[in-house]
Amino acid sequence: MKKFPWSRLYLALVFVLLYAPIFYLIFYSFNDGGTMNSFTGFTWDNYTAVFEDSRLLIIVLNTFMLAFLSALAATAIGTFGAMAIYYTKQRSTRNTLLSLNNILLVSPDVIIGASFLIFFTMIGSLFRNFSLGFMSVLLSHIAFSIPIVVLMVLPKLHEMNDSMVDAARDLGANNFQVVKNIILPFLSPGIIAGYFMAFTYSLDDFAVTFFVTGNGFSTLSVEIYSRARQGISLEINALSTLVFLFSMILVVGYYFISKENVSRRVRKNRKKREVTDLQ
Amino acid sequence: MTKIRRLYAIPYMFWLVLFVIAPVLMIVYQSFFDMNGQFSLINYQSYFASGKYLTMTLNSVWYAFLITVITLLISYPTAYFLTKLKHKDLWLLLIILPTWVNLLLKAYAFIGIFGINGSINSFLTFTGIGPQQILFTDFSFLVVATYIELPFMIMPIYNALEEMNPSLISASRDLGANSFETFRRVVFPLSLNGVKSGVQAVFIPSLSLFMLTRLIGGNRVITLGTAIEQHFLVTQNWGMGSTIGVVLIIAMFVVMILTGEKKKGGKK
Amino acid sequence: MKKLQSLIIGIILIIVVLLLGVRQLEKSTGMAGAQVLNIYNWGDYIDPELLKKFEEESGYKVNYDTFDSNEAMFTKIRQGGTAYDISIPSEYMIQKMIDEKLVLPLDHAKIKGLENIDARFLNLSFDPENSYSIPYFWGTLGIAYNDKFISADKMTSWDDLWRPELKDNIMLIDGAREIIGLGLNSLGYSLNSKNMEELDEAVTKLRKMTPNVKAIVADEIKMYMANEESAVAVTFSGEAADMMAENEHIHYVIPKEGSNLWFDNIVIPKTAKNVDGAYEFINFMLRPENAAQNAEYIGYSTPNKKALDILPKEITEDEQFYPTDELMSHLEVYEDLGKEYLGIYNDLFLELKMYRK
């Protein structure tokens, strides 16, 4: 008798829960009436509105560029930071560093935003040309994303078998090679997880971005929250649907491409080994 | 190794000083000033002496605790079952995907779903049960807050479970343990690091939720986040706001000590 | 490692593509190079067509930044680091900005069209002689109710909020001044009161209302009322207009004891770089046809009486949004309470919020 796949059912339920609001938003993006209160008719109008609103499109592109870039920098700095913490000899120092690391995670956005604003205006008074805008937002996003990267990478460092590193050393590897060929590959899942978390934090952030931006640089979050007073038009639903679909395609596409590469490489290596075995 | 390690660590240390230590010092400094800019302990007095802020703190801690527990209960099995799937990396990414849609929009969607004339109530009416008040209850608040936090808990637990050596499970089975015992004595303890990361990433931010308390909770429960927003923005009383910030930071240190790295002694 | 490398390369490629995309879009909208006018306003608070029209007429490129609350805007402008030429705050915030010298005095010689504004909306307590600001939109605070749940004759005064049949069926807007203000108004006091006895009396009375309060929310109140989540809501006229557009059962009434009259006015922040452009924008918005177009798009009440001539009668004769003179005489504008009393009001409100359960 085949065992009932309770696990599949459970996962299916979780996915339904996760995607329910998303589908709700997508459903209403086709709504003829202006809001999400009732569905009055099908229309593409909201989508055409998106493409005609060049200001909004610029904001979207800026938002994603910011997210990709800040997550990249945060992941790099965070990964090395995690290594720095892990290799610190004293446990008490390690715990202190870790606690300091988490401060930004625990602080409410408003406090972070206000503090960074003060910081950047101080810099602005020292350096004439520096004013709030893309740079200040980028630096802030990198800053608040680093802690979560550390939190994602550190457990993997703890899992790591130190004897691997020792073995590599014995075989003559220098520091750079050890990091590049042993440590980083082992950490990859954590690093990638950290990247995605950082990316998410950047996309989602409102308060910090709002406080430190200026000069016409705005992100989707800021724009959406600012529209709340007037009511968020379905144009935003349409935009979110497009972005969502695009991300989905990117994610699925990336996954299947990398799978293919892996299997191709494995097949190639297997062939190579077979040939050498025969000789 | 040490020299190179110092080199790697420089950007991180730089960040730590500029963006963590400096702002924290500033926040602590500000907490000692009252509304008129005079040095005073009145903020701390207001905080600890009045029942108001202590109640708020208790509320925040209680709800953050509930959210964390519920999130953990849902996330752990999810992460566990995920590791058994083919294409598991793909499914994991699909779990993260919804978090990229704006929070306010998702909250609005939930308002539509939970509303008195919304999707769920339409379904309930259809099945004859009749509409229920879902919004502005603890239930809806916890559901939506958990929804927001789920991916942040699933991720680290999944990573921890993924890395586990399957031969350990086989070994446990060989020694005669059944599934439950294997889980309790082998799987769960080894995934504890992931669970701790998840708890840290969920409990701590949940303490200062304020948007959801308003949108879904209708401000039925007041948390520290609400007070902070008020002090930083409306009354411009950054001193009092900073005081609450200091309390949160201390709370974080406490949580870290409780869930942090324990001495690596001999195993039992 | 290969995987990491390929990911990193992929990401950098995406970043480059996005950057190019932004450049391309900015060029295609003719944005690069022209002189800039930085406007800081509420989200979606001006007809985008008007901005385009202004850009074409003036030759300036408009940077439109948005904020979601007066306090957030105030914090941003006060800190510095920004160069907004135009901002549109609410009246009590304008008074505060004037006190903290964050706005430039207006040179009335450069302003054309001020006579188009209804005299009742000029020279108000928050900005005497309009030395610093020009009215943009105005409205009231009142009660929105759903006629399916309660009839019009039962909703004429603030005291009606205390009706026992409204148990767990009213929503309040999340604002200390609004709610404490309605408490004060219902007792016949001014909503700018700094008298602790009056305030305590108001709060005691408000406490008795709390069993009726279902939720205390902000902008989303429109959605809730349209969805009939609640029978009654204390809200602004603008929000009520949106609710009424969604649900024909909703009506808006200004309680007879009096209420708040709010204004959003245009100011020129101290940090402005393009002051000439700012004046051009002000004059542009004072023109009746533009004010009318904006009023139709936004749905709020315009202070421009010449614009009223252009707007359709069903809008201008709607007493919910253009109340009678008699009712107007009971309306008060918020005055800045000063830091101490602002703190007191907010603390009292916070306690009130926590009192419920």
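Contact here means heavy atoms within 4.5 Å, and among such contacts in chain B between residues at least 6 apart in sequence, 66% join residues at least 24 apart. The model is a predicted one, in which local features need pLDDT of at least 70 and side-chain atom pairs count only at pLDDT 80 or more, while totals for chains, interfaces and linings use all residues. Residues are numbered from 1 along each chain as its sequence is written, chains are lettered from A in the order in which they are written, and side-chain values use heavy atoms, with hydrogens and water left out.

**Chain B: elements and extent**
- Chain B has 12 helices and 0 strands, where helices (H or I, at least four residues) and strands (E, at least two) are DSSP runs numbered from the N terminus.
- Along the principal axes, the C-alpha atoms of chain B fill a box of roughly 70 × 70 × 35 Å.

**Chain B: burial and surface**
- Of the 268 residues in chain B, 56% are buried, that is, under 20% relative accessible area with a 1.4 Å probe and protein chains only, whereas exposed is over 50% and partly exposed lies in between.
- Chain B exposes about 11800 Å², of which carbon and sulfur atoms supply 70%, the areas coming from the Shrake-Rupley method with a 1.4 Å probe.

**Chain A: a nonpolar patch**
- A:Phe27, A:Phe39, A:Phe42 and A:Trp44 make a nonpolar surface patch of about 460 Å²; patch residues have over 30% relative accessible area and no salt bridge, with nonpolar side chains (Val, Leu, Ile, Met, Phe, Trp, Tyr) joined within 5 Å and like charges within 9 Å, a salt bridge being a side-chain nitrogen of Lys or Arg within 4 Å of a carboxyl oxygen of Asp or Glu.
- A:Phe39 lies in the loop between α1 (6-29) and α2 (45-52) of chain A, and A:Phe39 counts as partly exposed because its relative accessibility is 33%.
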